[in-house]
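The following exercises concern the architecture of a single chain. Each task is followed by a solution in steps.

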Amino acid sequence: MDSGSSTLAMRAASSSCFFNSSNPKFNHLSNPKPAPPPSALRYPVIRCIYTRNPCFNSFFSVKPTSITPFSCSAVTSPHPGSDNLATADAATGTTTEAKLHILNQEFHSLFEPVDRVKKLLHYANLLPPFEDLLKTTENRVPGCTAQVWLHVSLGNDNKLRFLADSDSEITKGFCACLVWLLDGAEPEEVLALKTEDLEAINVIGLNGRRGSSTISRANTWHNVLVSMQKRTKALVAEREGRPHGELFPSLIVGADGIIAKGSYAEAQARFLSPNEVKVQELANLFKEKKIGVVAHFYMDPEVQGVLTAAQKLWPHIHISDSLVMADSAVKMAKAGCKFITVLGVDFMSENVRAILDQAGFTEVGVYRMSNERIGCSLADAAASPAYMDYLSAAAASVSSPSLHVVYINTSLETKACSHEVVPTITCTSSNVVQTILQAFAQVPNLNIWYGPDTYMGANIMELFQQMIVMSDEEIADIHPEHNRGTIKSLLPRLHYFQDGTCIVHHLFGHEVVEKINDMYCDAFLTAHLEVPGEMFSLAMEAKRRGMGVVGSTQNILDFIKQRLQEALDRNIDDHLQFVLGTESGMVTSIVAAVRNLLGSVKSSAGAKVSVEIIFPVSSESVTRTPNSSLGEAPEFLNIPVIPGVTNGEGCSIHGGCASCPYMKMNSLSSLLKVCRSLPHDKDSLSAYEAARFSLQTPKGKLIADVGCEPILHMRHFQATKRLPEKLIDQILHNGGDGQ
């Protein structure tokens, strides 16, 4: 996985300042640090006796202190580590707030990580037995490396009862703390607790650093708490006789096949197993005419289903994000392909044409899949006068050097014209963070102007804000030339465009976030870096628990594959849920990858593992279209329900927008038309051809030449991890066009 935005999201989230709790009820920031632990004292341990929890027969020891904000009765008793645990009757009425204070005091008094581990192992032995019949898949806590089971019930007294168990002793210790804290609490108390309120029980690695084992342990108790809260909400809803909420549509992929839940998912699933005869016909057509195919992940499932199946018969079919499409086209040309068909929006076919020309394959034809313009809301925002005004005014407003970092999802003309105003380098959602950090490291007093995606710009700014609270060591792991001081100093010099959004990711807003947070808080959450801030924050929180990813489409696919492989390696029954926080066209590649991994399990007697892909969109969000006549197109395409085409784009105020209307302008009928017309009937394809730019920039240079330079700058950065000297010279001398 790319080490840029996705890695940064995890490190920044996992290093947040936990003591700044947003819940004043549990905020213990004002409590002074306690004196040395009780074991260092010469007098007996004094115990605060508040309650004796029937599910956790233990009392936490607290050293006598004048700062305790509440009174208690005290008796002399052995240290909790002894066999003779507290036998005194507990006073009634202990609040969760009081228990929280006791728990934090207990662990704050233990300065050495090894002592905290010993304490957790001690409490693990006190966890009540968990019956084997309760150790079901339904009671499993998702996202934990170890197996963790949780059983929750709500009594007539409005009190919650928790039972937990794990096959890891340290994890059992974490569970014991949570059960002691929340067992017998009312729903409002359980739901008010936040993970940062329990930072004191974290166990930093024995070497003093946050290693992978530390993160895994922190993830475990975070995920247990999230599951406690989710099940609490469901029990309250059940008691009140109201539905917990309507589920999002989803696809469940298992070794035995696919199950679609909801009409939207059913429409998606119909294309995942296309007609084999028709797939063979299309593959033969590609072979006969030496046609390569590059397609974006966001293609309609009807197109992706056929192409994914055809990949087994013809190697020159590649489905990826926009960056890799042009690279794949060059490889296909080197392998002997005479034509490249591009299934994407127009800036993608422009880039493929330009990069092929740069590589010397001018004779290879490049074809779009529509005779009409295939736009993009982000590319259109960057092509607007407002964007050029933003760059012109920005460059003139500062005296220090400037660099324009432009998202690759823009037209070649935008890249060229921008480059003549401000020296420009392109970026992707995978490498944008590293690009910005490296630029700031190489050029003193640099100002960076990012665009056109407003949400991505705001999310990048938020990532850097989170880095300020990280240690210098953690920041150096992300970028070796930065520390807290440099990150803080660069923030005022980072700017982003305020009026550019992706129409798909724009709809992952409040309603979607609220529903995810309520009903899918314990699922794996994936989010593209282009999503709005609410979705971004939710995904970041999930990432901190090891339950999420924020990044590019490829980052999302890699994350799902990694989590599935981990589940298969554990060889236990499991059901993994993934909320798909990007365009629904990703599902075809995801399902193909999941099927491939599930098929790699050799033992038929192995564990049953399934993957559920959740579409955060209303189940009614499908577009009904009349039966179309596609001529010689496959019969299986003539169906009445196609997700996200023409009118609705899969959008709903109840969910979000799951499908890009521009991407869906690429149809299988157009692909068949282009392929059948090549090579002898090219004249009929003039509207489909990705023509070369003959237009010139304001400075009289060819758009194709100037527009490719920012892309080549990015290629250099990807290969060397440094900005090219030519770009540095352009920045320092304000010559974006290379003069």
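**Exercise 1. Determine what share of the contacts between residues at least 6 apart in sequence joins residues at least 24 apart, and describe the chain as a whole.**

Step 1. Contact means heavy atoms within 4.5 Å. Among contacts between residues at least 6 apart in sequence, 75% join residues at least 24 apart.

Step 2. The model is a predicted one, in which local features need pLDDT of at least 70 and side-chain atom pairs count only at pLDDT 80 or more, while totals for chains, interfaces and linings use all residues. Residues are numbered from 1 along each chain as its sequence is written, and side-chain values use heavy atoms, with hydrogens and water left out.

Step 3. The chain comprises 25 helices and 20 strands; helices (H or I, at least four residues) and strands (E, at least two) are DSSP runs numbered from the N terminus.

Step 4. Of the 739 residues, 58% are buried. Buried means under 20% relative accessible area, exposed over 50%, and partly exposed in between (1.4 Å probe, protein chains only).

**Exercise 2. Which residues of the largest nonpolar core touch the most other members?**

Step 1. A nonpolar core is a set of buried Ala, Val, Leu, Ile, Met, Phe, Trp, Tyr and Cys residues joined through side-chain atoms within 4.5 Å.

Step 2. The largest core has 152 residues, and Phe286, Leu307, Ile340, Leu356, Leu403 and Phe464 touch the most other members. Helix H22 (residues 586–599) supplies the largest share of this core, eight residues.

Step 3. Apart from this core lies another, of 38 residues, including Tyr123 and Leu193.

**Exercise 3. Classify the aromatic pair of Tyr387 and Phe497, then that of Phe524 and Phe578.**

Step 1. Rings of Phe, Tyr and Trp (its six-membered ring) pair if their centres lie within 6.5 Å; planes under 30 degrees apart count as stacked, over 60 as edge-to-face and the rest as tilted. The structure holds 10 such pairs.

Step 2. Because the planes of Tyr387 and Phe497 stand at 85°, with the ring centres 4.9 Å apart, this pair is edge-to-face. Tyr387 belongs to helix H13 (residues 385–396) and Phe497 to the loop between strand E14 (494–496) and helix H19 (510–519), so the pair links parts of the chain 110 residues apart.

Step 3. Tyr387 has a relative accessible area of 0% and is buried; Phe497, at 6%, also counts as buried.

Step 4. Phe524 and Phe578 are stacked, at 4.9 Å centre to centre and 20° between the planes. This pair joins strand E15 (residues 524–528) to strand E17 (residues 574–581), 54 residues apart.

**Exercise 4. Is strand E3 largely enclosed or open, and how is it paired?**

Step 1. Strand E3 (residues 148–154) is largely enclosed by the rest of the structure, because five of its seven residues are buried.

Step 2. Two strands pair if DSSP finds at least two bridges between them. E3 and strand E4 (residues 160–166) run antiparallel and are joined by seven bridges, with Leu150 opposite Ala164.

Step 3. The two strands form a hairpin with five residues between them, and Asn158 in the turn has a positive phi of about 65°.
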